[in-house]
Amino acid sequence: MVCRRFKSLASSETLWESICRRDWGNSSVDALLASPSEEMKKQNLSWKKLYQQVSQMGSVNCIRLSGFVDSLTFPRPRASHSLNFVSDCLVLFGGGCDGGRHLDDTWVAYIGNEFRRILWQKINSGTPSGRFGQTCVVVGETLVLFGGINDHGIRQNDTWVGHVERDEMLGIKLSWRLLDVGSVAPPPRGAHAGCCVDNKKMLIHGGIGLDGLRLNDTWLLDLSDGVRSATWREIVTRLSPPARSGHTLTCIGGTRMVLFGGRGMGYEVLNDIWLFDIAEEYPEWIQLMYDSSDVPEGIPLPRVGHSATLVLGGRLLIYGGEDSHQHRKDDFWVMDINGIPTAKSCSNSQEFKRLSKKVWKRLKTEGLKPGCRSFHRACADRSGRYVYVFGGMVDGLVQPAEAFGLRFDGELYLVELLLQP
C-alpha cells in the first residue's frame with residue numbers, strides 16, 4: 001500500500017510541474033504552456049518526461065531565419081551590437097560595421113508564436129548615439145543600455161532606457177530615453193560585460209576604458225525604485241577577476257551570476273569561470289576551479305567575443321568566439337549551473353570551489369550551422385528553449401577586394417534545444 005502511494009506520488013503531474021518550476025523558473029514554464037512546440041503536442045509529454053528529456057539534452061538544431069524574413073528592409077551586417085528579447089520582440093541596436101564605423105540604428109521584430117517568420121521594423125526616433133561594444137540588458141520589461149565606443153574611439157558612460165509598445169494600428173514602437181543617474185557613474189568603457197540580476201538591477205564588469213586600458217571594476221545600477229531614482233554604485237571587492245574585455249556575464253537565477261572568458265591585459269584569451277552573488281552582505285568574486293583532465297568531454301577552449309545565454313533546464317549555452325590567434329569557433333557548449341556551488345558554501349570551504357566533473361558538455365549540432373563567428377550576439381525567448389543569434393565577425397572572403405578576409409555577418413539564426421525522444 002505504501003509503495004503504491006509512493007509510486008503514485010512520484011508520477012504526480014502536480015509534483016513534477018512544481019519541480020520544473022523550481023529548477024527552470026516560472027517564466028520558462030509559463031512560456032512553454034502558452035506555446036508548446038509541435039513535438040510536445042505530438043508526444044503529449046508529461047512533466048516528468050519533459051524534465052527527463054531536458055536533463056538529457058545533448059544537441060541543438062540550427063535554422064537560418066534570414067531565409068524566412070518578410071521584411072523588404074533588414075539590418076545591415078554588424079558585430080559588437082546588442083540583441084535582446086523583450087515584450088515578445090527582438091530588439092537590435094548599434095554595433096560596428098565595415099571600415100570600423102559605428103551604427104546608431106534600432107530594429108525591432110515581433111516574434112510571438114511565429115518565431116520562424118521575421119518582420120524587421122526600423123525605429124527612426126530618439127535612439128542613443130552610434131556605438132559598438134555596449135551592454136544592453138532587460139530589466140523587467142525595460143531595456144537598459146550602458147557605455148560603448150564610437151568610431152572616433154571615444155568611450156561612453158551614458159545610461160539609456162528603452163520601452164517597447166505594440167499597437168494593432170500603428171505597429172511596434174520603441175522609445176529610448178537618456179537616464180539621469182546623478183553625478184556617480186562608471187568610468188567610460190566599451191567591450192565590457194553586463195547582465196540583469198534580481199530582476200531589478202544591472203551589473204557590469206571590466207571592459208576597455210580610456211587610453212585602451214582594460215578594467216576589472218564592478219558596478220551596480222539599482223532600479224528597484226524605478227528608472228527615475230536609478231543610481232550607480234561601485235562594488236569594491238578584495239578579489240576580482242583579472243582585467244579583461246570581450247567576456248560574458250550571465251545571471252544564473254536570482255542574485256547569482258557567472259563570468260566566463262574574455263581577453264586579458266596581456267592580450268591573452270581566457271577560459272576561467274567566476275561566481276558573484278549580490279545577496280551576500282559583502283559580495284566577493286569567487287573563482288571556480290576545475291581540472292580539465294577530470295572532465296570526460298573536455299572543457300571549452302579559451303575564447304573572447306563569444307555568447308553565453310541562460311537556457312531551459314538551468315544551463316548556460318556558450319557559442320562561438322575566437323582564440324588568441326583570431327581563429328573563430330562554431331562550437332556549442334552547455335554549463336550545468338546546478339553543478340555550481342553557492343557563494344556561501346564557497347566561503348565556508350575551499351573544497352566547494354572545485355566544479356563537478358559533469359558541469360561541462362559539448363553539444364552536437366543539426367540543421368544549418370551558423371558557422372565560425374565572434375562578437376555576435378545571442379538571446380533566448382521567454383521559455384529558454386529557443387535562442388536567437390545575429391551577426392558577428394566571420395571568416396572568409398566574399399569579394400576578392402575585401403581586406404584581410406574579414407567580414408561582418410547579417411544573418412539571423414534560431415538555435416533550438418532538441419529534446420531527447
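This is a predicted model: local features need pLDDT of at least 70, side-chain atom pairs count only at pLDDT 80 or more; totals for chains, interfaces and linings use all residues.

Reply: Let's take strand β20, which has buried residues on both of its faces: Arg 315, Leu 317 and Tyr 319 on one side, Leu 316 and Ile 318 on the other. That pattern follows a simple rule: in a regular strand the side chains alternate between the two faces of the sheet.

Now look at what sits beside the strand. β20 belongs to an open sheet of 4 strands, in the order β19-β20-β21-β22, with antiparallel pairing. At the edges are β19 (307-311) and β22 (360-362), each pairing on one side only. If you ignore direction, neighbouring strands in this sheet are turned by 25 degrees against each other on average.

Start with the β19 side. β19 and β20 (residues 315-319) run antiparallel, and 5 bridges join them. You can pick out partners across the gap: Ala 308 has Ile 318 as its bridge partner, and Thr 309 stands opposite Leu 317. The two strands make a hairpin with 3 residues between them, and in that hairpin Gly 313 takes a positive phi near 95 degrees.

Then go over to the other neighbour. β20 also pairs with β21 (residues 332-336), again in the antiparallel sense and over 5 bridges. Here Leu 316 has Met 335 in β21 as its bridge partner.

Ile 318 is in a nonpolar core of 18 residues, along with others including Ile 252, Ile 273 and Val 359. That core lies apart from the largest one, which has 29 residues; Trp 24, Leu 50, Phe 332 and Val 387 have the most contacts inside the largest core.

In α3 (residues 26-34), the buried residues are Ser 28, Val 29, Ala 31 and Leu 32. Seen down the axis of α3, these buried residues fall within an arc of 160 degrees, so they line one face of the helix. In β20, by contrast, both faces are covered.

Gly 162 is in strand β8 (residues 155-167). With 0% relative accessibility, Gly 162 counts as buried. Leaving out residues up to four places away in sequence, Gly 162 touches Glu 141, Thr 142, Leu 143, Ser 175 and Trp 176. Its C-alpha is 6.6 Å from that of Leu 174, 12 residues away along the chain.

Asp 104 tells another story, from the loop between β3 (89-93) and β4 (106-110). At 43% relative accessibility, Asp 104 counts as partly exposed. Its contacts beyond four places in sequence are Phe 93, Thr 127, Pro 128, Ser 129 and Gly 130. Asn 124 is 20 residues from Asp 104 in sequence, and their C-alpha atoms are 9.8 Å apart.

You'll find Phe 375 in the loop between β24 (373-374) and β25 (377-380). Phe 375 has 15% relative accessibility, so it counts as buried. Ala 191 also has a positive phi near 55 degrees, and its place is the loop between β9 (171-178) and β10 (193-197).

Finally, zoom out. The protein has 6 helices and 29 strands, and buried residues make up 53% of its 421 residues. Among contacts with a separation of 6 or more, 59% join residues 24 or more positions apart. One stretch calls for care: pLDDT stays under 50 over residues 398-403, where the model has 4 contacts beyond four places in sequence.

Methods
Residues are numbered from 1 along each chain as its sequence is written. Side-chain values use heavy atoms; hydrogens and water are left out. Buried means under 20% relative accessible area, exposed over 50%, partly exposed in between (1.4 Å probe, protein chains only). The arc is that of the directions from the helix axis to the C-beta atoms. pLDDT is the predictor's confidence in each residue, from 0 to 100. Contact means heavy atoms within 4.5 Å. A nonpolar core is a set of buried Ala, Val, Leu, Ile, Met, Phe, Trp, Tyr and Cys residues joined through side-chain atoms within 4.5 Å. Two strands pair if DSSP finds at least two bridges between them. Axes are lines fitted to C-alpha atoms, for helices over the stretch in contact, and angles run from 0 to 180 degrees between N-to-C directions.
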